[in-house]
Each structure stands twice: as structure tokens, then as C-alpha cells.
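Student: Could you walk me through how to read the features of a protein model? I would like the general idea each time, and then the case at hand.

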Amino acid sequence: MAGILAGAMVVSSMALTAFAGTPTYVADNSAGVAVGADTVVSKGGFTLEFTVSGLTAATTAKLGFTDPSWTYQEWGDNVYADVTGDGTYTLTYTSDYTGNALVFVVDMVIGDPFDITASDYKISDVKVNGTAVNFIYGDLEEKGNLRLEIYNEYGLTKSDDVTGASTAAADVSSGDVLPFAVIALSLSALAAGAVVVTKKVSFER
């Protein structure tokens with residue numbers, strides 16, 4: 001896997017990486033906990049918290065998640081948050097699934113494709129069930145979306161060199177059911193296996 005990273009440049013704990021044929025991205029491995037292919041992220045669901053800044057227009061943060069069998073999937077139709085400015089946002093996915101993730105990302109539509117190293121966009125303080133984790137972000141598909149990528153079997157985070165996966169925790173999941181998630185559950189959501197619970201923790205403009 002390391003071969004695809006030839007030419008990467010690391011600056012302190014934050015890596016700004018740009019090389020031919022690969023989108024630019026920012027990697028923050030300062031948490032020392034990487035979500036890898038074997039990391040348990042869900043025990044009946046999970047909570048994902050992140051802080052975003054530098055946006056010039058409102059957008060929507062949509063969760064992208066699937067388990068390895070593609071049985072439990074969410075692509076932002078049910079789990080999303082309206083991002084109206086700089087602040088910390090929380091996405092909660094609730095299901096009866098216990099296990100790891102094949103894809104674990106958040107997408108925010110920005111507009112035209114962009115170079116993250118030449119923008120003011122920033123994502124920080126990413127936590128899964130309260131545990132800080134390593135992550136990368138940028139216009140990773142070069143479609144004009146600001147993507148937060150925690151793990152993606154088909155993306156750059158599949159490489160240990162990108163995520164620092166040698167420090168992966170065996171389990172970042174939580175068995176607790178959050179009270180506000182229980183309140184928000186509906187019969188239709190239970191039948192679908194997923195429910196949106198959005199909560200803006202803070203907002204400053």
C-alpha cells in the first residue's frame with residue numbers, strides 16, 4: 001500500500017499531501033487512534049462528532065456508511081445535519097448492527113472541484129462515540145464535495161500510511177443508547193434500520 005504514497009510530504013502531525021493522480025488532502029493522525037478494516041465502530045449504532053470551519057455558504061453534512069456485507073447502509077438520506085456555519089456537529093446512526101465499517105465518511109457539497117491545500121476549509125476534532133480518531137479530508141473524489149473520511153475500503157484511508165492504522169483501537173464503539181436517539185426513533189425508521197438524529201453542538205459566525 002505504501003507505494004501509492006510516494007512523494008507525500010508530512011508537516012508535523014498534520015500532513016498536506018499532493019501527488020500526481022491523487023486528490024490533495026489533509027490528514028490529521030494526532031489522535032493516535034485509526035479506524036481500520038477490523039475496528040468495531042458500531043454496537044447498535046454510533047455517534048460521529050466533528051468540527052468544521054472556513055465554509056462560505058451553508059451546506060448539508062451527509063453520512064456515508066456501509067458494513068462489509070452492504071446490509072446496513074446509509075448515504076445521507078436519513079442521517080444528516082444542516083451546516084450553517086463554523087461549529088461542531090453530531091451525526092447519529094442507529095441500527096441493530098454490530099461490527100466494522102467498509103465505508104465511513106461524511107460529505108458536504110461545496111460546488112466546483114477544489115484543492116484543499118489552497119482553501120480555508122478545515123475539519124477537526126473528529127470523534128466516534130466520544131473517542132478522538134485519525135481522519136483525512138478534502139475534495140477526495142474531485143467532485144466539489146468536502147469529504148471527511150474516517151475509513152474507506154475504496155479510498156486513501158485503506159492505506160495504513162495515510163491513517164496511522166498501526167495505532168488502531170480494537171473497539172471505538174459504544175453499547176449505550178442515547179436518550180435523544182430513543183426519543184427520535186419512529187416505527188418507520190425502525191423498520192428501515194436507520195434514523196437521523198442531528199444535533200448542532202455549537203455555532204459561531
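**Reading the model together**

Tutor: The term covers a side-chain nitrogen of Lys or Arg within 4 Å of a carboxyl oxygen of Asp or Glu. Arg147 belongs to strand 13 (residues 145-152) and Asp107 to strand 9, so this pair ties together parts that are 40 residues apart in sequence. Helices (H or I, at least four residues) and strands (E, at least two) are DSSP runs, numbered from the N terminus.

Student: What should I keep in mind about the source of these values?

Tutor: This is a predicted model, where local features need pLDDT of at least 70 and side-chain atom pairs count only at pLDDT 80 or more, while totals for chains, interfaces and linings use all residues. Residues are numbered from 1 along each chain as its sequence is written, and side-chain values use heavy atoms, with hydrogens and water left out.

Student: Is Arg147 buried or exposed?

Tutor: Buried means under 20% relative accessible area, exposed over 50%, and partly exposed in between (1.4 Å probe, protein chains only). Arg147 has 9% relative accessibility, so the residue counts as buried. Across the chain of 205 residues, 47% count as buried.

Student: How many salt bridges does the structure hold?

Tutor: There are 4. One of them joins the side chains of Lys43 and Asp171 at 3.2 Å, N to O. Lys43 sits in strand 4 (residues 42-53) and Asp171 in the loop between helix 1 (160-163) and helix 2 (179-184), a link between distant parts of the chain, 128 residues apart. Lys43 is partly exposed at 38% relative accessible area, and Asp171 is partly exposed too, at 34%. Glu153 also bridges to Lys158, with the closest N and O atoms 3.2 Å apart. Salt bridges with shared partners join Asp107, Glu141 and Arg147 into one network.

Student: How do I read strand pairing, and which strands pair with strand 5?

Tutor: Two strands pair if DSSP finds at least two bridges between them. Strand 5 (residues 59-66) has 6 of its 8 residues buried. Its antiparallel pairing with strand 9 (residues 103-109) runs over 6 bridges, and there Thr66 stands opposite Val103. With strand 7 (residues 80-83), strand 5 pairs in the antiparallel sense over 4 bridges, and Lys62 has Tyr80 as its bridge partner. Strand 6 (residues 73-74) is another antiparallel partner of strand 5, over 2 bridges, with Phe65 opposite Glu74.

Student: What is found at the turn between strand 5 and strand 6?

Tutor: This hairpin has 6 residues between the strands, and Trp70 takes a positive phi near 65 degrees there. Trp70 is partly exposed, with 37% relative accessible area. Together with Trp75 and Tyr154, Trp70 forms a nonpolar surface patch of about 370 Å² accessible area. Patches use residues with over 30% relative accessible area and no salt bridge; like charges are joined within 9 Å, and nonpolar side chains (Val, Leu, Ile, Met, Phe, Trp, Tyr) within 5 Å. Accessible areas come from the Shrake-Rupley method with a 1.4 Å probe, and for residues only the protein chains shown count as cover.

Student: Which residues form the aromatic cluster?

Tutor: Phe46, Phe65, Tyr72, Tyr93, Tyr97 and Phe104 form one cluster. Rings of Phe, Tyr and Trp (its six-membered ring) pair if their centres lie within 6.5 Å; planes under 30 degrees apart count as stacked, over 60 as edge-to-face and the rest as tilted. The structure holds 12 such pairs.
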